[in-house]
Amino acid sequence: MVVKDNYSLREHNTFGIEAKASRFFEYTSVEELQAFVRERAASGDESPLLHIGGGSNLLFLKDFEGTILHSSMQEIYVTANEGDYVYVRVSAGIEWDAWVQYAVDSRWYGLENLSLIPGEVGASAVQNIGAYGAEAKDFIIFVDAVDLQTGEIRHFTAEECRYGYRDSIFKHELRGRYAVTHVHFRLSHEFRPRLDYSGLRRALEQRGYDETNLTAEQLRQTIIEVRREKLPEPTELGNAGSFFTNPIVERSTFERLLKEYPDMPHYEIDSTSVKIPAGWLIERCGWKGKALGRAGVYERQALVLVNLGGATGEDIKALCERIQADVKEKFDVAIVPEVNFIA
Ligand SMILES: Cc1cc2nc3c(=O)[nH]c(=O)nc-3n(C[C@H](O)[C@H](O)[C@H](O)COP(=O)(O)OP(=O)(O)OC[C@H]3O[C@@H](n4cnc5c(N)ncnc54)[C@H](O)[C@@H]3O)c2cc1C
């Protein structure tokens with residue numbers, strides 16, 4: 001285990017914000033985490049706890065006056081092989097994209113569209129990460145977690161996790177209550193590529209790949225290349241990917257907007273609701289490539305807020321609030337951050 005006091009979190013958040021944690025505790029086993037939780041409860045310590053992964057969806061607004069938890073557990077374990085499927089238990093501390101590469105190399109299929117998403121496996125089950133028409137929830141069957149109040153182990157079925165768009169029970173009722181220690185995935189032995197997402201087929205064609213004999217590695221590499229063209233590399237320009245979730249609006253709102261903006265991109269959700277890209281709304285407000293002090297809007301994708309150098313969490317938040325107000329005023333649509341603000 002690693003324990004550090006008055007510890008800089010700069011290397012633990014992809015925005016590159018300088019903030020300190022009173023204590024940083026990195027555990028190497030479930031037992032170590034349980035012992036920490038039980039000793040803490042026995043000592044009556046009530047200071048805040050925050051479990052982090054790779055810090056790629058966090059915005060520290062100030063120093064964290066409590067303990068930051070992090071897992072360094074690194075196991076991938078096959079629990080069963082049944083028919084077309086393999087069942088794999090993966091430790092929360094493994095880097096997400098290393099797991100995707102491992103699965104593709106092992107000929108376990110399904111995760112290719114989620115290639116290169118930053119962060120760790122534990123957070124994938126909290127955030128229900130998604131990209132190119134796939135979501136983590138499509139493959140998660142169980143989540144193992146430790147109760148941070150009692151140290152008890154609990155197993156959540158995917159249904160109990162209540163997954164939704166970038167959402168789960170761990171972001172609501174159970175926010176901060178559990179440390180995810182392992183995620184159980186069900187992957188297929190047969191490669192069935194999902195290519196419906198707009199632009200994916202075109203990107204494959206441009207690379208000369210034939211859809212009828214496409215390999216999982218080709219799909220993964222294409223997605224990696226497309227993502228690299230679109231998104232800034234956090235080590236070069238601090239960011240947390242999409243800063244806002246795409247708003248899902250009622251059909252009446254959508255129809256009102258479409259009359260005024262016939263070119264507005266949108267995705268049908270169901271008969272009553274439609275999803276509108278937040279990036280398009282922000283761009284239409286004139287924010288793309290603009291800055292407010294040391295916080296900016298990425299020049300190639302308006303959904304991404306960036307640290308232009310030395311920004312504080314409050315600088316990024318101020319930009320976020322200005323953008324929200326402008327989108328509200330122009331379109332009468334509320335956009336909400338996907339990023340977790342840590343106050
Ligand atoms: C360049 C870039 C591109 C991105 N693209 C995408 C994308 O395409 N799709 C997408 O969905 N996201 C994307 N993201 C956002 C981010 O990658 C995901 O939200 C990811 O799941 C965060 O993982 P993390 O390990 O960094 O979690 P953190 O940012 O450290 O934490 C995120 C949340 O999960 C909680 N958490 C983390 N680990 C645990 C654990 N073991 N137990 C309990 N709680 C935990 C934290 O408390 C926090 O609430 C992108 C981010 C960047 C920087």
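Modeller: Let me start with a definition: axes are lines fitted to C-alpha atoms, for helices over the stretch in contact, and angles run from 0 to 180 degrees between N-to-C directions. Please keep in mind throughout that this is a predicted model.

Biologist: At about what angle to strand 10 does helix 1 run?

Modeller: Helix 1 covers residues 30-43, and it lies across strand 10, strand 11 and strand 12. Taking the axis of this helix against that of strand 10, the angle is about 40°.

Biologist: What is the order of the strands in the open sheet of five strands?

Modeller: Strand 10 is joined to strand 12 (residues 178-188) by seven bridges, and to strand 11 (residues 153-157) by five bridges, with the strands running antiparallel in both cases. At another place in the sheet, strand 6 and strand 7 (residues 85-91) pair in the antiparallel sense over six bridges. The whole open sheet, with antiparallel pairing, has the order 6-7-12-10-11.

Biologist: Which residue in strand 12 is the bridge partner of Asp144?

Modeller: Asp144 belongs to strand 10, which covers residues 140-147, and it has a bridge partner in strand 11, namely His155. On strand 12, the bridge partner of Asp144 is His182.

Biologist: How many of the eight residues of strand 10 are buried?

Modeller: A residue is buried if 20 or more other C-beta atoms lie within 10 Å of its own. By this count strand 10 is mostly covered, and the number of its buried residues is six.

Biologist: Which element gives the largest share of the shell around the ligand?

Modeller: There are 33 residues around the ligand, and Gly53, Gly119, Gly122, Ala123 and Gly241 come nearest. The elements that give two or more residues to this shell include strand 3 (49-52), strand 12 and strand 13 (238-242). By class, the shell has 15 nonpolar, 16 polar and two charged residues. Its largest share, five residues, comes from helix 3.

Biologist: Is Arg107 partly exposed or buried?

Modeller: Most residues other than glycine have a negative phi. Arg107, in the loop between helix 2 (96-105) and helix 3, has a positive phi near 65°. Because Arg107 has 13 C-beta neighbours inside 10 Å, it counts as partly exposed.

Biologist: What is the phi of Leu116 near?

Modeller: Leu116 also has its place in the loop between helix 2 and helix 3, and with 18 other C-beta atoms within 10 Å it is partly exposed. Its phi is positive, in a residue other than glycine, and lies near 65°.

How values were computed:
Residues are numbered from 1 along each chain as its sequence is written. This is a predicted model: local features need pLDDT of at least 70, side-chain atom pairs count only at pLDDT 80 or more; totals for chains, interfaces and linings use all residues. A residue is buried if 20 or more other C-beta atoms lie within 10 Å of its own, exposed if 12 or fewer, and partly exposed in between; C-beta atoms are placed from the backbone. Helices (H or I, at least four residues) and strands (E, at least two) are DSSP runs, numbered from the N terminus. Two strands pair if DSSP finds at least two bridges between them. Two residues are in contact if their C-beta atoms, placed from the backbone, lie within 7 Å. A residue is near a molecule or strand if its C-beta atom, placed from the backbone, lies within 6 Å of it. Ala, Val, Leu, Ile, Met, Phe, Trp, Tyr, Cys and Pro count as nonpolar, Asp, Glu, Lys and Arg as charged, and the others, Gly among them, as polar.
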